[in-house]
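Hello,

Here is the structure I promised to pass on to you. Please open it first, and then read my notes below.

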Amino acid sequence: MFDLSLMGRLSFTHASPTKSPLQPGRNFLGIAEERDAVLYVPTGLEPNAAVPLLVMFHGAGGSAEKVLPFLEEHAERNKFLLLVPQSMYVTWDIVIGGNGPDIQRLGQALTEVASRYLIDQEHFGFAGFSDGGSYSLSTGITNGDLVSHVIVFSGGFMSVFMQEGAPKVFISHGLVDEQLPIETSARPHAAKLKAAGYDVELVEFNGNHSIQPPIVALAVEFFLK
C-alpha cells in the first residue's frame with residue numbers, strides 16, 4: 001500500500017485525552033532525543049474543555065527557541081496551546097527533498113498533545129516563517145480536513161500533491177523581502193488559492209524578510225475569530 005506520508009499526509013486523528021495535562025509554560029514532549037518538540041501551555045486552562053492549538057514551524061537554521069518569543073505572549077493571553085516542532089535537519093524535509101521524517105515526527109507530536117488535551121477542531125492551525133511558512137502552507141493545504149487555519153509568514157513555495165478540506169489561509173509578506181520576493185511567492189500563492197476556492201487573506205507590509213510582531217497579532221486574531 002502506498003505511504004501517503006510521502007505526499008505530506010498526516011496519520012494523526014483527533015482523540016479523547018487519556019493522560020494528565022502538562023504544567024503551564026514550556027514543555028518538551030519527549031518524542032525525540034534531539035530537537036524535541038516544545039509545547040507551550042498557558043495558565044488557567046479549563047479542565048476537560050476544548051482548547052485551540054496553533055503549530056508554529058521555524059525557519060531554516062532555526063529552532064523552537066527562536067520563534068517561541070513571538071507567540072508565547074499571545075498564547076498566554078488568549079489561552080491557546082502553542083506547539084513548536086523542530087526540523088530534524090537544518091530545515092524541513094520538504095524543502096530538502098520531499099516529505100520524510102519531519103511529517104512523521106509532527107504526527108507523533110500532535111498525537112502526544114491530543115493525549116493530554118481536547119483540541120478545538122475549529123481552531124487548529126498551522127503557522128510558519130520562511131521555510132517554515134512554506135512547510136505550513138504545503139502541509140496545511142494537504143491536511144485541510146484536519147487543519148482549520150493556515151498562516152504563512154514570508155513563505156517561499158507551495159508544494160501540494162493532495163488537496164483536502166478548505167482551511168482558511170492567512171499570508172503575509174514584506175514588500176522589500178530580499179530573500180523571497182513577494183512577486184514570486186505570496187502574490188501568486190494567494191491568487192492560486194483564491195482561484196481554487198480558498199478563503200485567503202493576503203497582508204503586504206513595508207518590510208523585509210522577518211517576523212513582524214504587528215503582523216503576528218493580526219494572524220492570531222485571524223486564527224481565533
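How do the residues lining the second largest cavity divide into nonpolar, polar and charged? They divide into 4 nonpolar, 5 polar and no charged. In this count, Ala, Val, Leu, Ile, Met, Phe, Trp, Tyr, Cys and Pro are nonpolar, Asp, Glu, Lys and Arg are charged, and the others, Gly among them, are polar.

Before going further, a word on what you have. This is a predicted model, where local features need pLDDT of at least 70 and side-chain atom pairs count only at pLDDT 80 or more, while totals for chains, interfaces and linings use all residues. Residues are numbered from 1 along each chain as its sequence is written, and side-chain values use heavy atoms, with hydrogens and water left out.

**Empty spaces**

Rolling a probe the size of a water molecule over the atoms shows where empty space is left. On a 1 Å grid over the protein atoms alone, a cavity is a set of points where a 1.4 Å probe fits but cannot get out; a pocket is an open set with protein on both sides within 12 Å along at least five of seven lines; lining residues have an atom within 4 Å of a point. Grid points are joined across faces, edges and corners, and a volume is the space filled by probe spheres set on the points.

By this rule there are 2 cavities of 30 Å³ or more. The second largest cavity, the one in my question, holds about 40 Å³ of space. Its lining consists of Leu137, Val152, Ser154, Gly155, Ile171, Ser172, His173, Ala186 and His189. Helices (H or I, at least four residues) and strands (E, at least two) are DSSP runs, numbered from the N terminus.

The largest cavity contains about 80 Å³. Of the 14 residues that line this cavity, Pro85, Gln86, Asp102, Arg105 and Leu106 lie nearest its centre. Helix H3 (residues 101-114) gives the most to the lining, with 4 residues. By class, this lining has 9 nonpolar, 1 polar and 4 charged residues.

There is also the largest pocket, with a volume of about 370 Å³. It is lined by 20 residues, and Leu45, Glu46, Pro47, Asn48 and Tyr117 are those nearest its centre. Its lining has 13 nonpolar, 3 polar and 4 charged residues.

**Around serine 154**

Serine 154, one of the residues lining the second largest cavity, sits in the loop between strand E6 (149-153) and strand E7 (168-174). Serine 154 counts as buried because its relative accessibility is 1%; buried means under 20% relative accessible area, exposed over 50%, and partly exposed in between (1.4 Å probe, protein chains only). Leaving aside neighbours within four places in sequence, its contacts (heavy atoms within 4.5 Å) include Ser130, Ser172, His173, Asp177 and His209.

Serine 130 lies in the loop between strand E5 (119-129) and H4. Its phi is near 60°, a positive value in a residue other than glycine. Serine 130 is buried, since its relative accessible area is 9%.

Helix H4 itself (residues 131-142) is mostly covered, with 12 of its 12 residues buried. Among them are Asp131, Tyr135 and Leu137. The expected span of a helix is 1.5 Å times one less than its number of residues, so the 12 residues of H4 should span 16 Å, and this agrees with the 16 Å between its end C-alpha atoms.

Isoleucine 215 is in helix H6 (residues 213-224) and is buried, at 9% relative accessibility. Although isoleucine 215 and histidine 173 are 42 residues apart in sequence, their C-alpha atoms are 9.4 Å apart in space. Beyond four places in sequence, isoleucine 215 is in contact with Phe153, Phe170, Ser172, Val203 and Phe205.

**Two residues earlier in the chain**

Asparagine 27 belongs to strand E1 (residues 25-28) and is buried, with a relative accessible area of 13%. Not counting residues up to four places away in sequence, asparagine 27 touches Leu22, Ala37, Val38, Leu39 and Val41.

Arginine 35 is in the loop between E1 and strand E2 (38-41). Its phi is near 55°, again a positive value in a residue other than glycine. Arginine 35 is partly exposed, with a relative accessible area of 28%.

Best wishes
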